[in-house]
Amino acid sequence: MKRKAEILPRGHEDRPGYPMKPKGLLYHTTNNWADGADDEAHSEFLQSGRSSASWHVTVDHDSSIQHLPFNENGWHAGDGGQGYYNRNWIGMEIACNRVKPGEPLDKETYDNAVEEAALIMKEADLTSWGQLQPHNVVYGKDCPHHTLFNREQFKKDVFAKMEENAKPKAPVKGAMPDKNFYFVQKGDTLTEIAEMTGKSVDYLVRLNDIKDPDEIYINQKLRLTGVAATPIPKKPVKPYTPPASAPAVRKYPGYVIQLKKPYMQGKDVAAIQRAVGFKGDDVDEKYGPATVAAVKAYQKRHKLEVDGKVGPKTWNVMF
Ligand SMILES: [Zn+2]
């Protein structure tokens, strides 16, 4: 709905100009069934100075026009120059030019009136049920006209609209979601949301403490970033088992194994001895002259520098 402002100039005879802090919104119908008696016509009527009344907003099937600021009064309630409603309440007129006398108000105008009232309530900081009333409450005038719509239902619809407006807007499905939140849309699955947001289902489940990934609900707010309340368990690391055919890799001890007195000893020496062909009791874990000779022969066979020492190069060929 298009909302326009055609505020009457200061000093205009239909702009009373008494300051007020709005205490409520009084809704009327124009009860003018003439073709063309829409919000524009009423604005012109007010501008012309021929009106003996004044109000803040007129709404019709395709737009609304504001005539007076909300912090000034209008003469729309019929309770006199000092009247509580005249001096404290905003007046909204609903145009009924689109229907014939006795017919219910057309849906477009009704919906716009609901929307406009909800917006005025919000803008004027009016929040309670009692702050929205039909003109009828002031002295029993048939306004809004009883044939047009149910006055109580109108109030209910306005409050429902206010509640709807207060909800954070859900993004259009498929649109880039907010980087921190996503509001679940009708028909969404967690898998789809995960794909759309580039997160894993598991992460979203844990981040949002979702009990059952198949049970998310419309407008549920999902966090997309942050630290999961339930830590994501590390996938158990399978111990590496080399294929049976692959040679076992033995880590280079970090120093050169060579002939020294006393002989170098240990499991690494034994491994070298086995690598150069020692078997049985010959594997004595001592790097003595026999071992040096066998290492030299090994180095020669493998086109390594023949020095009888096992440094990283020889080691990496052996193991
Ligand atoms: Zn009225």
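Aspartate 125 is found in the loop between H3 and S6. Helices (H or I, at least four residues) and strands (E, at least two) are DSSP runs, numbered from the N terminus. Aspartate 125 is not a glycine, yet its phi is positive, about 60°. At 56% relative accessibility, this aspartate counts as exposed. Exposed means over 50% relative accessible area, buried under 20%, and partly exposed in between (1.4 Å probe, protein chains only). Aspartate 209 also has a positive phi, of about 55°, although it is not a glycine. Aspartate 209 sits in the loop between helix H7 (201-207) and S8. Its relative accessibility is 43%, so aspartate 209 counts as partly exposed.

The model is predicted: local features need pLDDT of at least 70, side-chain atom pairs count only at pLDDT 80 or more, and totals for chains, interfaces and linings use all residues. Residues are numbered from 1 along each chain as its sequence is written, and side-chain values use heavy atoms, leaving out hydrogens and water.

A zinc ion is coordinated by His28 (ND1), His135 (ND1) and Cys143 (SG), at 2.0 to 2.3 Å. Donors are N, O and S atoms within 2.8 Å of the metal (3.2 Å for Na, K and Ca); water is not among the atoms, so sites may look incomplete. Along the chain, the donors follow the spacing H-x106-H-x7-C. Histidine 28 counts as buried, at 1% relative accessibility. Histidine 135 counts as buried too, at 3%. The peptide bond from cysteine 143 to proline 144 is cis, with omega near -10°. Proline 144 belongs to the loop between H4 and H5.

Helix H3 (residues 107-123) and helix H5 (residues 151-166) have axes that come within 8 Å and cross at roughly 60°. Axes are lines fitted to C-alpha atoms, for helices over the stretch in contact, and angles run from 0 to 180 degrees between N-to-C directions. H3 and H5 are therefore oblique to each other. Angles under 35 degrees count as roughly parallel, over 145 as roughly antiparallel, 65 to 115 as roughly perpendicular and the rest as oblique.

Tyrosine 255 lies in the loop between strand S8 (221-223) and helix H8 (267-275). At 44% relative accessibility, tyrosine 255 counts as partly exposed. A cis peptide bond joins lysine 261 and proline 262, with omega about -10°. Proline 262 lies in the loop between S8 and H8.
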